[in-house]
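Me: I would like to go through some of the terms used for this model and see what each one rests on. Please set the values against the cut-offs.

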Amino acid sequence: MTILPDGRYVSDAPYDENEDLSAIERADLDMPNWKLVWRAFRKHRLALISGIFLLVGYLLLPFAGFIAPYTPNERNADYLYAPPQGIHLFHDGKFIGPYVYPTTAHADLVNYRWDYTTDKTKAMPLEFFCEGDEYKILGLFKTNRHLVCAPEGATLFLFGSDRLGRDVFSRILYGAQLSMTVGLIGITVSFLLGITFGSIAGYFGGRIDWTIQRIIEILRSIPELPLWLALSAAVPASWGPVAVFFMISLILGALDWPGLARAVRSKFLALREEEYVKAAEVMGAKPARVIRKHLLPNFLSHLIASATLSIPAMILGETALSFLGLGLRAPAVSWGVMLNDAQHLASIEIYPWTAIPMLPIIITVLAFSFFGDGLRDSLDPYKN
C-alpha cells in the first residue's frame, strides 16, 4: 500500500482483469442474518451452555430406557426407601472398574423406618450393555438392552429408591420424556392461538380488535391456578395416561395465549402502517399473505425468544398439577407425579432423596431461562 502526497492510499498489488470489483472487501460485512445471530449468541456463555444442555437432553429423551438401569415401574420389595448408592473405581487400593457394594435392609421397629447396611468387603462390578426388563426405544421398538445394570445380588440406586422400591434415577429419566415434552406441545398450541388472534386483532382493528381484546381481558382476569385446577379436575379419571397427557398439554397451551396475542397485536398495529405493507396491499396482496409474508417475519425474533421463555412456565404448570394430583396420574411417570410422593414433610425428613426430582425441574427451568435471555439479546436488532 503506497501513500500519495495528497494523502490517498494506492494498492501496490498487480492488476487482475478477472477480479470482481463489485465484490465486498470484507466478507463478514455481508454475512447472512443467522450467522450474525450465532456470532452474538456465542458471546453469552451461560446461554450457550444452557442451549447445549437442552439440546443433548432432548436428543437423549427417546433413549431414556436404554440409559436407565431399571424400567420406571420396576419394583424391588426388598429395597423400600433404599438410600442413594455410590459407584466406586478402586477397592483395597486396586483399580477394578465401576462397582457397587451390596446392601442389606432391615426394619427399625423403634423409629419405624428402613435401615440399610453396606458390605464394603465385596466389590461387585457393574454390567454394561446388559439385558434387563423390556422397554420401547424411540417409543416403537421393543428391546431389553440397557447401558448399565446392577450385578446379581446387588442393586444400583444412584438416587435411592421410593416407597415401592422403584429406582428414582430411572424414573427421573422416564419422567423427563413427559415433563419436557409437555412444554413443547403446550407452547405449540399457545403460539397457534396467540399468533392467530393477535395478528387478526392488530391487522384489522375495529370491532374485531375490540371483541378479541375483551375476550383476552376476561381470560386474564380469571385466577390462573384455580382455572387450571378446575379444567384438570374435569378430565375423566377413566382416561389413559396418554390421553391425560395431551389434555394437560392442551389446557396449558389454551390458557397461555392471551399474553402472546397482546404482544403480537401491539407489534402489528405499528407495522401495518409501514410503506412496504401499504405497497403490498396496493398490489393486491390478500390479508393472509400480508400477515404471513410481510408482518410475521419482522416479528419472528420476538416470537422465538418468547417461546423459549414460555416453555418453563408450561413445565412448572404440569409439575404443579401433577403434584396436586390433578395432572398426570400413575402409572404415568413425570417429575410432578414423582413429587406427589414427597408431599409429606415427615417422609422427606427421613428419606430426603425422595425430593430429588425437584433438581431436574430447577435445572431445566433455569436452562430455558438462560437460553431464552441469550437468544432474545442475540435477536435484538437494536442491541450493540
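Reply: One definition is needed to begin: a helix axis is a line fitted to C-alpha atoms over the stretch in contact, and angles run from 0 to 180 degrees between N-to-C directions. The model is predicted. In it, the axes of α11 (residues 300-323) and α14 come within 8 Å and cross at roughly 170°.

Me: Why are α11 and α14 called roughly antiparallel?

Reply: Angles over 145 degrees count as roughly antiparallel. The crossing angle is roughly 170°, and α11 and α14 are therefore roughly antiparallel to each other. Their crossing is left-handed. On the α11 side the contact includes Ile304, Leu309, Ile315 and Leu316, and on the α14 side the residues include Ile361, Val365, Phe368 and Arg376. By class, this contact has 13 nonpolar, 6 polar and 2 charged residues.

Me: Which residues of α2 and α14 meet?

Reply: From α2 come Leu46, Ala47, Ser50, Gly51, Phe53, Leu54 and Tyr58; from α14 come Ile363, Thr364, Ala367, Phe368, Phe370, Phe371 and Gly374. By class, the contact of α2 with α14 has 10 nonpolar, 4 polar and no charged residues.

Me: What lines the second largest pocket, and how is the lining divided by class?

Reply: The second largest pocket has a volume of about 470 Å³. Its lining has 20 residues, and Phe53, Ile172, Leu173, Ala176 and Trp335 lie nearest its centre. α2 (45-60), α3 (64-67), α4 (168-204) and α14 (358-379) each supply at least two residues of that lining. By class, the lining has 18 nonpolar, 2 polar and no charged residues.

Me: What makes a space a cavity instead of a pocket?

Reply: A cavity is a set of points where a 1.4 Å probe fits but cannot get out, whereas a pocket is an open set. The search of the whole structure finds 1 cavity of 30 Å³ or more. The largest cavity has a volume of about 90 Å³.

Me: How many residues of the lining of the largest cavity are charged?

Reply: There are 4 charged residues, along with 5 nonpolar and 1 polar. Asp, Glu, Lys and Arg count as charged, and the lining includes Asp162, Arg163, Arg171 and Asp341. Tyr81, Val168, Met338, Ala342, Thr354 and Pro357 also line the largest cavity.

Definitions and conventions. Residues are numbered from 1 along each chain as its sequence is written. This is a predicted model: local features need pLDDT of at least 70, side-chain atom pairs count only at pLDDT 80 or more; totals for chains, interfaces and linings use all residues. Side-chain values use heavy atoms; hydrogens and water are left out. On a 1 Å grid over the protein atoms alone, a cavity is a set of points where a 1.4 Å probe fits but cannot get out, and a pocket is an open set with protein on both sides within 12 Å along at least five of seven lines; lining residues have an atom within 4 Å of a point. Grid points are joined across faces, edges and corners, and a volume is the space filled by probe spheres set on the points. Helices (H or I, at least four residues) and strands (E, at least two) are DSSP runs, numbered from the N terminus. Angles under 35 degrees count as roughly parallel, over 145 as roughly antiparallel, 65 to 115 as roughly perpendicular and the rest as oblique. A crossing is left-handed if the near helix is turned anticlockwise from the far one by less than a right angle, and right-handed if clockwise. Contact means heavy atoms within 4.5 Å.
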